[in-house]
Amino acid sequence: MVERFRKLYADLMTPGARLAIALRMTPDMVTWFGTLLVIVAALVMVPRGWLWQAALVITFCVLTDGVDGQMARMTGQGSSYGAFLDSTLDRVADGAIFGAVALYYAGLGNSVLWAGVAIGALVMGQVTSYAKARGLALGFKVWGGLAARGDRLLALLVGMLLAGLGLHWALPVALVYLLCASSFTVLQRMGQVKQQAVEAEAAGITVVDPQATVAAEHQKKP
């Protein structure tokens, strides 16, 4: 079932990928373009109170986020750097969206409380992604949680859309949920890594820290 959805999504991204290829764009260029569009939409529209409009534009950008990947598959231009760039710019886009919501509440929304909750949701969301990446880098399995990136964006965009249509309570509810869910997910992932680390230590398995290894190699160089 999942594979069918993946194929359908890839098929939907194909026309956009073909257009970008015809325009002589590379997958990395499309990744940058999509991220910049999200940043501009978020920082220009959300602080002005154009919430439902921003939600629709950002949702479109998120749904077409797979164009660069489809281009890479069609042209054979995929690379590990491209995957790294895509993940890194996703964090930048997330920061712009949540930051824009905080700016909205600091301005037109007139609520320091909800601005603070938005910042808290942003921070814990970023830590959620970092905890997974760091755990995987150390060789541990990190899975599950209530607040994966897709879940966070869905909750926030639905909250923005409903708030923009007049249900003003929807965005605060979404922010509270995201703050709690992200915090729970961080604690869950910390517990997963801790359990595996204790088991590895008991089995006499040494966990190698890639960052420490790279730093040591740099120190050896004259």
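This is a predicted model: local features need pLDDT of at least 70, side-chain atom pairs count only at pLDDT 80 or more; totals for chains, interfaces and linings use all residues.

Colleague: Let us begin with the annotations. Which residues does UniProt list for "binding site"?

Modeller: An annotation comes from a record, and we can then look for its residues in the model. For "binding site", the unreviewed UniProt entry lists Asp65, Asp86 and Asp90. They are spread over 26 residues of sequence, yet they cluster in space, with a largest C-alpha distance of 9.5 Å. The UniProt annotation "binding site" (unreviewed entry) also covers Asp65, Asp68 and Asp86. These are spread over 22 residues of sequence and cluster in space too, the largest C-alpha distance being 9.1 Å.

Colleague: Where is the place of Asp65, and where is Asp68 found?

Modeller: Asp65 sits in the loop between helix H3 (51-63) and helix H4 (67-75), while Asp68 is found in helix H4. As for Asp86, its place is in helix H5, residues 80-106.

Colleague: How should I read accessibility here: is Asp68 buried or exposed?

Modeller: The idea is to compare the relative accessible area with a cut-off: buried means under 20%, and exposed means over 50%. Asp68 has a relative accessibility of 8%, so it counts as buried. Asp65 has a relative accessible area of 30%, so Asp65 is partly exposed.

Colleague: What does Asp68 touch, leaving out residues up to four places away in sequence?

Modeller: Leaving those out lets us look at contacts beyond the sequence neighbours. On that basis, Asp68 touches Pro27, Val30, Thr31 and Asp86. With Thr31, the side chain of Asp68 also forms a polar contact of 2.5 Å. Counted in that way, Asp86 touches Thr31, Asp65 and Asp68.

Colleague: Which residues line the largest cavity?

Modeller: The lining consists of Asp94, Phe98, Ala121, Leu122, Gly125, Gln126, Arg149, Arg152 and Leu153. H6 provides the largest share of that lining, four residues. By residue type, the lining of the largest cavity divides into four nonpolar, two polar and three charged residues.

Note on methods
Residues are numbered from 1 along each chain as its sequence is written. Side-chain values use heavy atoms; hydrogens and water are left out. UniProt positions are given in the numbering used here, feature names are shortened, and annotations may be inferred rather than shown by experiment. Helices (H or I, at least four residues) and strands (E, at least two) are DSSP runs, numbered from the N terminus. Buried means under 20% relative accessible area, exposed over 50%, partly exposed in between (1.4 Å probe, protein chains only). Contact means heavy atoms within 4.5 Å. A polar contact is a pair of N or O atoms within 3.5 Å; within protein, one must be able to donate a hydrogen and the other to accept it, and residues adjacent in sequence count only if both atoms are side-chain atoms. On a 1 Å grid over the protein atoms alone, a cavity is a set of points where a 1.4 Å probe fits but cannot get out, and a pocket is an open set with protein on both sides within 12 Å along at least five of seven lines; lining residues have an atom within 4 Å of a point. Ala, Val, Leu, Ile, Met, Phe, Trp, Tyr, Cys and Pro count as nonpolar, Asp, Glu, Lys and Arg as charged, and the others, Gly among them, as polar.
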